[in-house]
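Me: I am new to this one. Can we go through the labels and ask what stands behind each?

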Amino acid sequence: MARRHYAFTTLLVVAVAVACLSFTDAKLTVNYYKKTCPRMEKIISEAVTSKQLSNPTTAAGTLRVFFHDCFVSGCDASTFISSNHFNKAERDADINLSLPGDTFDLITRVKSTLELECPGIVSCSDILALATRDLISMVGGPFYTVRLGRKDSLTSTASSTDGHLPLANQTITEIIGVFQKNGFTVKELVALTGAHTIGFSHCKEYINRIHNYKHGGPNAFDPSMEPRYAKGLQAACAKWKEDPTIATFNDIMTPGKFDNLYFKNLERGLGLLATDQALFEDKRTKPIVQLYASNQTAFFNDFVYAMEKLSRFGVKTGRKGEVRRRCDAFNQIST
């Protein structure tokens, strides 16, 4: 009887968990704004195209902001809230200080246009989700379906980022733990990390790999790096202390194109961050890296699956959120 009761309880818990997940998904639909704001996707697409053409790093920056927003408390635009005298918001957490201003500018401009077109209808979190998808597609990545109906968060605190985002100095085991805590598999981790095929990283993120590596002297670099690549990075980052904004591309081969060369680079010792190269060194992730390096279709398919899953992670619907009038402020400020 005890075993039967335990089995029934377990099944009940699983059923409730699945039901809750389905309930959340059921509120998100592709045609959510079809009647209330029919030109919404066209407005977003036009703004995204204009911004990417004028600033080619917008795609990478927006993808990074989207990940940082979703992985902390769900895809709810909590990263867009500005701090005030009463609250230090998520955007001002140390790990978010380097998030690109271009993305915030893009989403703010789109929101302003949509507020004129259909006031109080489209959430900032939906704008970010669609803009990210469109930008990935624009630079050669896969196009995928984005279900809509997210509400914007009612809270945003800098402390909420602690332990929820992977760090450049973490081990693969630690990073796997961060992803698994949010319900993502090792394969989904590798697929999402493939976003590093576009964008750049500041020298401070990898300086320990190219200078005085393990106290081996000023020019000592990580032996897992291709020597000419390491020396090139040393030259590029020579004045990083005087100018901390100095950065280099994550993918030196096709930095502006979303493709699988990021994974091919790892096989050649051309990973920029220690965590990038570690994906090729760790037995849990190496076979996935090799698969994606040899098969771009496999990478794109898995990336789409992981992004669709990420875009639904922790979404707020109904009374659990709101549609902000401005992306950087709650509709009502609580003190």
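Below, each label is set against its cut-off.

Reply: One point before we start: this is a predicted model.

Me: Why is Asp 251 called buried?

Reply: Buried means under 20% relative accessible area. Asp 251 has 0%, so Asp 251 is buried. The residue sits in the loop between β2 (247-249) and α10 (261-267). Beyond its neighbours up to four places away in sequence, Asp 251 touches His 196, Thr 197, Asp 259, Leu 261, Tyr 262 and Asn 265.

Me: Which residues does UniProt list for "binding site"?

Reply: The unreviewed UniProt entry lists Thr 197, Asp 251, Thr 254 and Asp 259.

Me: How do you know that they cluster in space?

Reply: They are spread over 63 residues of sequence, yet the largest C-alpha distance is 9.9 Å. Contacts link members of this list too. Thr 254, in the loop between β2 and α10, is in contact with Thr 197, Asp 259 and Leu 261, leaving aside neighbours within four places in sequence.

Me: Which residue is listed for "active site", and where does that come from?

Reply: UniProt lists His 68, in an unreviewed entry. His 68 lies in helix α3 (residues 58-73).

Me: What makes His 68 buried rather than exposed?

Reply: The cut-off for buried is under 20% relative accessible area. His 68 has 8%, and therefore counts as buried. Outside the four places on either side in sequence, His 68 is in contact with Thr 79, Glu 90, Ile 95, Asn 96, Leu 99 and Leu 165.

Me: Now the helices. How are α3 and α4 oriented to each other, and how do you know?

Reply: Their axes cross at roughly 85° and come within 8 Å. Angles of 65 to 115 degrees count as roughly perpendicular. So α3 and α4 are roughly perpendicular to each other. On the α3 side, the contact is made by Thr 58, Gly 61, Thr 62 and Val 65; on the α4 side, by Asp 102, Thr 103, Phe 104 and Leu 106. By class, that gives three nonpolar, four polar and one charged.

Me: Which residues of α4 and α5 meet?

Reply: From α4 come Thr 103, Leu 106, Ile 107, Val 110, Lys 111 and Leu 114; from α5 come Cys 124, Ile 127, Leu 128, Ala 131 and Leu 135. They divide into nine nonpolar, one polar and one charged.

Me: And why do α7 and α13 get their label?

Reply: Helix α7 (residues 186-193) and helix α13 (residues 296-311) pack at about 100°, with axes 8 Å apart. The range is 65 to 115 degrees again. α7 and α13 are therefore roughly perpendicular to each other. Lys 187, Glu 188, Ala 191 and Leu 192 of α7 take part, and the α13 residues include Phe 299, Asp 302 and Phe 303. The contact has eight nonpolar, no polar and four charged residues.

Me: What about Thr 275: buried or exposed?

Reply: Thr 275, in helix α11, has a relative accessible area of 11%, so Thr 275 is buried. The limit is under 20%.

Me: What sets Asn 212 and Lys 214 apart in accessibility?

Reply: Both are found in the loop between α8 and α9. Asn 212 has 37%, and so is partly exposed. Lys 214 has 67% and therefore counts as exposed, with the cut-off at over 50%.

Definitions and conventions: Residues numbered from 1 in each chain as written. Predicted model: local features only at pLDDT ≥ 70, side-chain atom pairs only at ≥ 80, totals over all residues. Heavy atoms only, no water. Axes fitted to C-alpha atoms, helices over the stretch in contact; angles between N-to-C directions. Helix = DSSP H or I, 4+ residues; strand = E, 2+ residues; numbered from the N terminus. Parallel < 35°, antiparallel > 145°, perpendicular 65-115°, else oblique. Contact = heavy atoms within 4.5 Å. Nonpolar A, V, L, I, M, F, W, Y, C, P; charged D, E, K, R; others polar. UniProt positions renumbered as here; feature names shortened; annotations may be inferred. Buried < 20%, exposed > 50% of the residue type's maximum accessible area, 1.4 Å probe, protein only.
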